[in-house]
Every structure is written in C-alpha cells, then in structure tokens.
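Thanks for coming, everyone. Please bring the structure up on your screens, and we'll walk through it together.

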Amino acid sequence: MAAVLCGTLAALMTGALAAPAAAEPVRETDPPKVNFVLDVSGSMAERDIDGDTRMNAAKRAFNDVIDFIPEGVHFGIRTLGADYPGDDRLGRGCVDSSQLYPVGPVDRTEAKTAVATLAPTGWTPIGYALQGAVRDLGDGDGMRRIVLITDGEDSCGDPEPCEVARELAAAGIGLTIDTLGLTPADSAVREQLGCIAEATGGTYTAVQDTDQLADRLKQIVERTAEVRVETPTVVDGADECADAPLLGAGVYSDRQEFGEHRRYRVQVAPGRELRASVSVAADRPMNRDHGVLLRLLAEDGRELVRGSTAGHGRTDVIATGLRHPSDADSEETLCLEVSHAFSAPDDVQRTPGMPVELTVDLVAAADTPSDVAAFGLARGWIPLLVLTLTGLAAGILWGLIRRVLA
Amino acid sequence: MTHTPRARRPFRRPLGRISATLAVCAALMMGAAAPALAEDDDTGETGTGTGSPSAVAAGTSFRTAGVLEQGGTATASATIGEYLYWVFPVAAGQNAEASATVTFRDHGARTGPSTWRLDLYDGLRRLQPCTAGRAEDTVDAAADTLVLDCTLRTVRAWAEPWANDPLPGAYYLRLTAVDLPEEDLGLPVEVTLEVGAEDAGGARARGGELPAPLVLTNRAGEIDPTAPADGEESEDPEREEEAGPATGAGALTEPETGWNGGWWSDRWLWTGAGGVLGGLAAIAGYTLVRRPRV
C-alpha cells in the first residue's frame, strides 16, 4: 500500500518536472536587405577624419564592410550628390541621387570597384535620396534597412528628410533607417539625422574615426543578418468595437494620432487565454510625460481587464500588456482598446500618427488556481506542531477506544 | 505501566513494516531531491552551465532583443542614446537580477552629465519594478564607467489576470540614457550585461501553475483568421513545419528547473517531518493511555 503510494508520488513528481518548452518557430522570410546611402557632396573632400578626407574614410570603411557582408544578406549602394557639381540647385542638384550598386547578393569585387570611382561633387538632397533608396529595396517581407552616411544637413529642404522618413516608416514595410554623421559637432546635422533615426526606430551614430565607422557599419549589417523578424501585419483599428478588424494571433502594426483610441476584435475560444501587448513608439519630439492604456472589453462593453503604464523622460516606446483566461462556455468576441497619453509641442507633425505595435497571442491555457503554497505543502513550526498534536490526539483516542473495547 | 513483549508484538509488526516502507520511500524521495539541493547550494544560480561570456548583440526593440540564458553575459558596442534590448528566461520561484556596466569610449567628448536607466519588462512587456539595486544613475561628463543593477520581485507560479505580478516567461531588459545633453547623442559606449536568477527558497514556493510561460509570439498576424475555431490548431507545431529558426523571445531556452520552477522545495521536508512527528506522537499517545496489561 505504502509502496504504491510512494510510486504514485514519484510518478507525479517526474511528471511535474517535464514542462513544455517555449520554442516558437518563425516562417522563412525574404532575405534581409540593406541599402547604404552615401553622401558624395562637395564637403566630403574636407580632411578632418583621422587626417584624411571624409570621402576616403567612408571608402575605407565601405571596403571593410563589403568584405564582411554575410551570405544571404542583399546589399546595395545609393549615392547622393555624386554627379552634378553645378549651381542649379533646385533643377539638378536636388535630384542628384543614383543607384551605384543594385540591391542584391553581393559581388565583392564589383561593389568595391563601384565605390572606388566616387569623388566628392555636388549637393546634399537627403530626402530625395531616401525615397530612391526605398524604391531600390523593392518588395518582399524581409527586413529592410537603409544606412545613411552623411557629413552635412540636407541642402535642398524639399522634401524635408525627417518627414520623408516618417512617411516611409508609416507605409508599414518594416523599414529602419540608421544614420551616421561624419560631423558630430554640427548641431543641425545631428538634429536632422537624429530625427530620421527616431522616426524609423533606427540609431544615430556620431562618427569619431574610420575604425568606429567601419565597426558600426559592420554591426548594423550583422543586426540585419542575424535578427530576422517578420514584418508586422498592417491593420487599421476602428473607433468602435463593432467596426473593428478581427485579429488572430500574431504581431500587428498600426498608427495612432494624439488623442485617438484604436479598437480591435479578437475571438477567444473557451479554455484559452488571450495575451496581448501593445507598444506605442515616440517617433517624434514629445512632451515629458506619457502613458499607455490597453483595455479588454466584453461584448457588452464591460471592462474585463486592463494593462497600463506611465512614465516620463526620453523613451523609444511605452508598452503594456494584459492576459485574460476565458471562463466563458462558448467562444466570445472581445474588444481590445488602445489609448495613449503622449502629447507634443504645437510645432510637431501630427500625421501620420505614432507607430503602434500590437501583439495578440492565444494559448491553450485554462486558468487553474491552486493552493497558495507549492503543492499545498506546509512549512514552519506551526504546521509541525499542529501535525504532532493531531497525531498525539489520534494516538490517545485510539488508545482509549482500545481500552473501552478490551 | 508495564508492557510485556508478547503483548506488543502483534501491533509492532505491521507498524514496523509500514514505517520501513515509508522510510524507503522517504529515502527515495530524498535521493531524488539531493541533486536539486546540491545544485542550489553549489551554484547559487540555475542555468549557469554556459555562463561563459558571449557577444550576444543587443537588439533595438522588444522583438529583436538579444537572447540570453540565465547566468549569461553579453557585451555590445553601442552609441549614447540608443535603446538596447535583451531578453532572458526566468522560472517561477526565482529571484532574477541583472546588472549592466556602461563604459564610455568617447575620450572626453561628452559635454555634460547623463542619466542612464535599466528597465525590466515581463513577457507581456509590462514594466516591472526593481526591488533592490540601483537601476537609474547619473554620471558626470568625466566619468569612465557606470554600473546599474536591478533585482526583480520573486517570480510567482500563478497570479490573477488583474495582477501585475511577475510570472514565468521572458524578461526584457532595456538599457538607455534617459536624460542627456543633446550634443552627446551618438557617441560610442561599450556595454556589458549580466543576468542571473537564483531560487528564492521554500518560503516563497507557491502553488498554482501557469499553463504556458509568458512568451509572446513573434510572427506576423493574420486579419480575419479564416476559421474562427482555428485558434485551436494554430498553436500546433505540426502546422509550422515550414518554419525556420526562432528569433527574439521565441528562441529562449527553458530554465533548468522548468518554467514552473520544478517540484522541489524545502516544504517537502517540513511537511514530511510533520508527518513523522505526528506518527511518533500518535504512538506516544497510544502508549500513554493504552490499557495496561498485566
């Protein structure tokens, strides 16, 4: 009898040891693509990086990076200000951007030869070049990255580079723009490149020397190659639950303007748990305080559960999440509501809205609360005393019974 | 009260057999428990087997976070102002902690003091408070390094859906400068990060179980899923056989104890001891009042 009990107990324990793994495979996506946009404007002839010209520093770094590019990453180069040296700024200088090396599997020799031909020439039409760089990247659902290397701010003004970046990011094509400034002391350049990076979730680097430039470019290429995530599905949340799009498990992206609420519907089967997380990105200059609220509403508009957070200071995103194990008898359609408390100074662009990333997950998981303690086990002197006294009482009682019966 | 050996025998035999079996059973249980105990004592941290430093690159968002193991170390070169993300697994009943060292590589180019912060988020990307450690600190322009650390609350095995309690699953770390002079943006820094988790002990061994760890999917979503009931099957790994390697939080390895923290805690010893004491007390009580036989 005791042996059976012991065996069962042991079996239970071994069973408890084997818990499910969380490995989650992802679908194969198109190869990641990275397009370098290099400034070849006249100012690149200045000698202030390691005693050499900015152009030569960039070329050396490019040669390093071209050798480094891993298989499976598609690579391209676009130039800006490489062809037109004249004074016709608006007519020709500001549309001077061309594809130097098409985006595709890299041929290292050809790419290096192409880079070697560059000489500092013209104007700096950054916005125009970014639009071209996106066209170069073409279609596909892989990661897309543009790396902008420049020494000066945009000298054309139209289209405004940061607005271009924000619009490209809002197109929902999974685009990131990393910027590298060769003149870190110039505040206008820093501000503009910082704005472009912020608008697309990219990074800004103030380049100090050639080695740093090469290392940084390699790091960016490496990130593109190693981290492969699917581009979130673009969704358009509605004002009302009734019109809201129906979402399955997965990652979605949307845009949300200041003061706007976005709603989405999710179907939850009985015995399943809905998990949702939302992050709203601060892709433009914001006021100091911010917050986000994610609410889950029942079909009749009742709030089931909420996730919220608030903070202040510099941030890239503000995120929160919630979980809701379904206790309904039948499948129910619930409504997720996203609102945020970002605000911005008056001169900040209002549209497109801030990027919202919504992750919905449905796991097979009945909510099974149990005892507060592990396996209902006791711990401490009081349970020991209680058990001992109970045993003593039982022994005495049994002894008395025996006495009466005998 | 005088006992004759004869009178005791009929009772002692079965009792002796049962107690012997129980003793064997207890020994077996202890045997099974011993490795777990020894492990806890020896390493202090679970999952430190592969604790050798590795250059786990930082990610730039929750979804691209660099994946670490418990006891893992990561180094990354980055720029001031960048948002660096890592993710690591924590099981129920563990106290997780993270520490980051920021080494400035700007050779005195910084112009003013900057404030850095290490944030911990749970699998649902809810910000989790630090119970100990200095998660936010300010350094002046001349400082070479900065150390930040954060200890998480004990991860619960189960919590009500309305609670913000930490649950087993992915834990995201975000390191960034939260306040800095605009001129210092983009300057180079080197970051070393360490994460670890240790067993919180029997006093914090809780019941309940989260059926699946908090690890959100990283796949692109589907609007208007074709069959509403396909939620049942969409989790089936068989349906994803064309899938490639997992990324982000999906690539996390389960902690050695299992997401739910394993079965062992010193509560087994306490409860077992209580049972033994109860048994002994029962025998003593019985002996005390048993009708003396002459």
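Some housekeeping. This is a predicted model, where local features need pLDDT of at least 70, side-chain atom pairs count only at pLDDT 80 or more, and totals for chains, interfaces and linings use all residues. Residues are numbered from 1 along each chain as its sequence is written, while chains are lettered from A and ligands numbered from 1 in the order in which they are written.

Confidence. The model scores ipTM 0.87 and pTM 0.83. pLDDT is the predictor's confidence in each residue, from 0 to 100. For chain B it averages 78, and 72% of the residues score at least 70. Which stretch of chain B falls below 50? Residues 1-52 of chain B do, with 42 contacts in the model beyond near neighbours in sequence. Residues 228-244 of chain B also stay under 50, and there the model has 25 contacts beyond four places in sequence. A contact here means that the C-beta atoms of two residues, placed from the backbone, lie within 7 Å. Where pLDDT is low, the predicted coordinates should not be read in detail.

Now chain A. The domain assignment, automatic or from a database, gives domain 1 (33-226) and domain 2 (233-364). Their C-alpha centres lie 34 Å apart. In the contact, 9 residues of domain 1 of chain A meet 9 residues of domain 2 of chain A. On the domain 1 side, α5 (161-170) and α6 (187-200) of chain A each supply at least two residues. α5(A) gives the most, with 5 residues. That side divides into 3 nonpolar, 2 polar and 4 charged residues. Nonpolar means Ala, Val, Leu, Ile, Met, Phe, Trp, Tyr, Cys and Pro; charged means Asp, Glu, Lys and Arg; the others, Gly among them, are polar.

Next, a helix pair. Helices are DSSP runs of H or I, at least four residues, and strands are runs of E, at least two, numbered from the N terminus. α2 (residues 54-68) and α3 (residues 108-116) of chain A pack at about 170°, with axes 10 Å apart. Axes are lines fitted to C-alpha atoms, for helices over the stretch in contact, and angles run from 0 to 180 degrees between N-to-C directions. α2(A) and α3(A) are therefore roughly antiparallel, a label for angles over 145 degrees. The contact residues include A:F62 and A:I66 of α2(A), and A:A111 and A:V115 of α3(A).

β15 (residues 289-297) and β16 (residues 303-312) of chain A pair antiparallel over 9 bridges. Pairing needs at least two DSSP bridges. A:G291 has A:A310 as its bridge partner. Between the strands are 5 residues, and A:G301 in the turn has a positive phi of about 90°.

Over to chain B. Here an open sheet of 5 strands runs β2-β11-β4-β9-β7, with antiparallel pairing. β2 (73-79) and β7 (130-132) of chain B are the edge strands, each pairing on one side only. The twist averages 35° from one strand to the next. Between β2(B) and β11 (residues 188-199) of chain B there are 7 bridges. B:T73 stands opposite B:E194.

Last, how many residues does each chain bring to the contact? Chain B brings 95 and chain A brings 107. α2(B) gives the largest share of the chain B side, 18 residues. By class, that side has 46 nonpolar, 31 polar and 18 charged residues.

Definitions and conventions: Angles under 35 degrees count as roughly parallel, over 145 as roughly antiparallel, 65 to 115 as roughly perpendicular and the rest as oblique.
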